[in-house]
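Please look over the model shown here.

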Amino acid sequence: MPGPKEILLAEPRGFCAGVDRAIEIVERAIAKFGRPIYVRHEIVHNTYVVNELKDKGAIFIEDLDDVPAGATLVFSAHGVSKAVQHEAERRGFRIFDATCPLVTKVHVEVAKLNREGFEFIMIGHKGHPEVEGTMGQLNSGIHLVEDVEDVGRIQPTQTEKLAVVTQTTLSVDDTVGILRAVKARFPSVREPKQQDICYATQNRQDAVKLLSPQVDLVIVVGSPTSSNSNRLREVAIKLGTASYMVDNADELQAEWFAGKTRVGLTAGASAPEILVQQVIDRIKALGAIAIRKLDGIEETIKFPLPKGLKMDGETGAPIDHLR
Ligand code: SF4
């Protein structure tokens with residue numbers, strides 16, 4: 001059966017500044033303090049990244065009871081609740097916080113508005129660690145909505161001081177609809193000054209919107225737990241383009257490509273470029289002979305590392321890590 005002739009690459013795709021920083025924090029902590037380093041939750045939601053860091057000396061845990069006294073502990077890029085943060089401090093671990101600064105920004109906003117007497121509506125996915133971390137900034141007064149129906153169900157104790165916050169990795173388009181429903185029910189609600197959905201999520205979804213109409217199929221490289229990767233697949237499907245998400249090249253199925261001339265390829269913010277290259281090689285083996293990179297925004301944002309992880313003779317250059 002005829003296979004694809006051309007691969008179109010979305011730009012930007014793959015690692016964002018928050019993921020880059022989180023991985024570098026774990027690698028530097030191992031280099032500086034020796035193995036093992038404990039990491040609460042998957043540092044970022046990608047199987048390959050987690051396995052590589054396990055090989056280098058990271059131990060991933062969910063429960064602080066699994067961290068021995070005196071150990072070094074890293075919080076994942078998704079952030080943690082106040083309860084987890086305080087308990088880790090109480091136990092005296094050496095802590096490095098790899099929470100993405102754009103998630104921390106939401107935490108800071110929640111704390112500030114809480115002091116001013118606000119209650120919150122959080123738009124996000126139940127059970128996602130970022131949502132648990134943001135909702136866990138307060139003991140009460142944050143109401144989670146996952147969809148438009150939830151907006152009608154929540155019961156804030158007052159409506160004069162109500163603010164919206166969102167998970168950083170949502171569908172930009174779905175969030176607009178939910179926000180519209182929130183404003184219809186609570187007209188005086190305070191919206192975030194700037195979208196909480198981060199630049200990386202926005203840029204990768206915009207790139208898929210540009211890519212999808214030009215191809216017969218979109219392959220997203222990302223792990224099933226990765227929120228922003230799942231959203232990329234949904235964006236392509238909503239635009240009427242068939243799409244599959246794969247954790248690695250072995251998951252590609254030849255029949256997906258039957259009769260498809262052009263294949264689009266992108267990767268979630270936690271998926272390393274090496275996996276994209278392996279997927280390219282596999283699609284080439286099915287017959288693709290041309291690769292074209294689409295135009296897109298060039299991302300130059302870089303977040304500083306926490307104090308205490310600078311190396312002797314630091315030049316500022318990133319150390320070799322999982323790119
Ligand atoms: Fe930060 Fe956005 Fe990357 Fe999440 S996807 S780590 S919020 S930059």
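The sections below take these topics in turn.

## Basis

This is a predicted model, in which local features need pLDDT of at least 70 and side-chain atom pairs count only at pLDDT 80 or more, while totals for chains, interfaces and linings use all residues. Residues are numbered from 1 along each chain as its sequence is written, and side-chain values use heavy atoms, with hydrogens and water left out.

## Ligand site

Around the ligand are Cys 16, Gly 18, Val 19, Cys 100, Leu 102, Thr 168, Thr 169, Cys 198, Tyr 199 and Ala 269 (a residue is near if one of its heavy atoms lies within 4 Å). This shell holds seven nonpolar residues, three polar and no charged (Ala, Val, Leu, Ile, Met, Phe, Trp, Tyr, Cys and Pro count as nonpolar; Asp, Glu, Lys and Arg as charged; the others, Gly among them, as polar).

## Nonpolar core

The largest nonpolar core has 27 residues, and Val 26, Ile 43, Leu 53 and Val 74 have the most contacts inside it. Such a core is a set of buried Ala, Val, Leu, Ile, Met, Phe, Trp, Tyr and Cys residues joined through side-chain atoms within 4.5 Å; buried means under 20% relative accessible area, exposed over 50%, partly exposed in between (1.4 Å probe, protein chains only).

## Gly 308

Gly 308 is partly exposed, with a relative accessible area of 39%. Gly 308 lies 280 residues from Arg 28 in sequence, yet their C-alpha atoms are 9.7 Å apart in space. The segment that holds Gly 308 comes after β12 (290–293) (strands are DSSP runs of E, at least two residues, and helices runs of H or I, at least four, numbered from the N terminus).
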